[in-house]
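Here's a quick tour of a protein model with a ligand in it. We'll start at the ligand and then look at the backbone.

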Amino acid sequence: MNKKLESIKEKALQEINSSKDENSLNENYRKNFKELSSVFSQMGDLSSEEKKAIGVKANEIKQLVTRAFEEKKETFVKEKKDNSSFFDITIPGKKTKIGHLHPITQAINEAENIFRGMGFSLVEGPELEDEWHNFDALNFPADHPAREMQDTFFVKSKNKKLLMRTHTSPVQIRYMKTHKPPYRIIVPGRVFRNEATDASHEVNFYQIEGLMIDKEISVANFKAVIEEFCRAFFGQDVKIRLRPSFFPFTEPSFEVDMSCSECKGKGCSLCSQTGWLEILGAGMVHPNVLENSGVDSKKWQGFAFGFGWDRWIMLKYKINDVRLFYNGDLRFLNQF
Ligand code: DAH
């Protein structure tokens, strides 16, 4: 029996120590432990003296084998840990999600590039404006209905009447008052009106204002600049036409149409079958506006224009609801 115990011990230790992985280790331990336990059930015929000696030996072997099993198991655990801290520098990195500029800003940057090519520089002005710059200096008489068309949000203040600007035109005044002519500027910015929102109206939207003043600037110059801009922005040959209109700060004033970018002037649903898309308001700067800004209207003259920027981008990308620009829905924004 002693011999048998010895051979079980040898075999158990050998098998446990040579196990290749955790599964075979468990299996080897279980098998040998069972064999060892079976020795106890075979001890019936032994004298009590022998039983005691064999029992002690068998228990010693059990402990030995169990320790060998635990030690071996420990090496597998450690191996696993070492493997998991291995840093594979060839694994491609995780992509960090970064945002991008809003489509309105992207389009402003695009416009800025085109206008820069024609010698214009970009200027900005305050969104909270005073009544004088927003209306009076731009030749809106105090009780003129055009003020009502640009109904906006007035802000309580002690001295001057403050309001959220209704258009970017007041920046013309601010710029002319602080710079000497000639001028070639564009003014992108956010404007505010008291509107009931729907697919084509928002309480805030963007405009790009333009101003070009020099000694001999005419409507022909205006037409050339705008035609060039539209061609560059839409990447195709387009035609421009002017229709008479009214703005207090220009004389003469006109609405500008561009031949439909979709049907090339043939007539389609985008242009309501007319072949033309209304794109901006413009005109020759009114002498009163120049004088209000400290510019001699006998020496200097030129044109101004104002794009409804949201609508312009809606045309280019065929977007059917202006509110999409402002509700922060990533399903929309990520398309740009
Ligand atoms: N400020 C005008 C508006 O918001 C747009 C505009 C029209 C701007 C004619 C101009 C201009 O500079 O000459 O409706």
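For sorting residues by class, Ala, Val, Leu, Ile, Met, Phe, Trp, Tyr, Cys and Pro count as nonpolar, Asp, Glu, Lys and Arg as charged, and the others, Gly among them, as polar. On that scheme, the shell around the ligand splits into five nonpolar, nine polar and two charged residues.

This is a predicted model, where local features need pLDDT of at least 70, side-chain atom pairs count only at pLDDT 80 or more, and totals for chains, interfaces and linings use all residues. Residues are numbered from 1 along each chain as its sequence is written, and side-chain values use heavy atoms, with hydrogens and water left out.

**Around the ligand**

There are 16 residues around the ligand, and His167, Ser169, Arg193, Gln207 and Glu209 come nearest. To be near here, a residue needs a heavy atom within 4 Å of the molecule. Here are some polar contacts (pairs of N or O atoms within 3.5 Å; within protein, one must be able to donate a hydrogen and the other to accept it, and residues adjacent in sequence count only if both atoms are side-chain atoms):

| Residue | Protein atom | Distance to a ligand oxygen |
|---|---|---|
| Arginine 193 | side-chain N or O | 2.9 Å |
| Glutamine 207 | polar side-chain atom | 2.9 Å |
| Phenylalanine 305 | backbone N or O | 3.3 Å |

On its own, the ligand has 350 Å² of accessible area (Shrake-Rupley method, 1.4 Å probe; for residues, only the protein chains shown count as cover). The protein covers 92% of that.

Which elements give two or more residues to the shell around the ligand? They are strand E6 (204-214), strand E9 (276-285) and strand E10 (301-308). Strands (E, at least two residues) and helices (H or I, at least four) are DSSP runs, numbered from the N terminus.

Two peptide bonds to proline are worth a look. Proline 181 and proline 182 are joined by a cis bond with omega about 5 degrees, and proline 182 sits in the loop between helix H7 (170-178) and strand E5 (183-192). The bond from glutamate 251 to proline 252 is also cis, with omega near -5 degrees; proline 252 belongs to strand E8 (residues 250-259).

Then there's phi. Asparagine 139 isn't a glycine, yet its phi is positive, near 75 degrees. You'll find asparagine 139 in the loop between helix H5 (131-134) and helix H6 (145-149). Serine 272, not a glycine either, has a positive phi of about 50 degrees and lies in the loop between E8 and E9.
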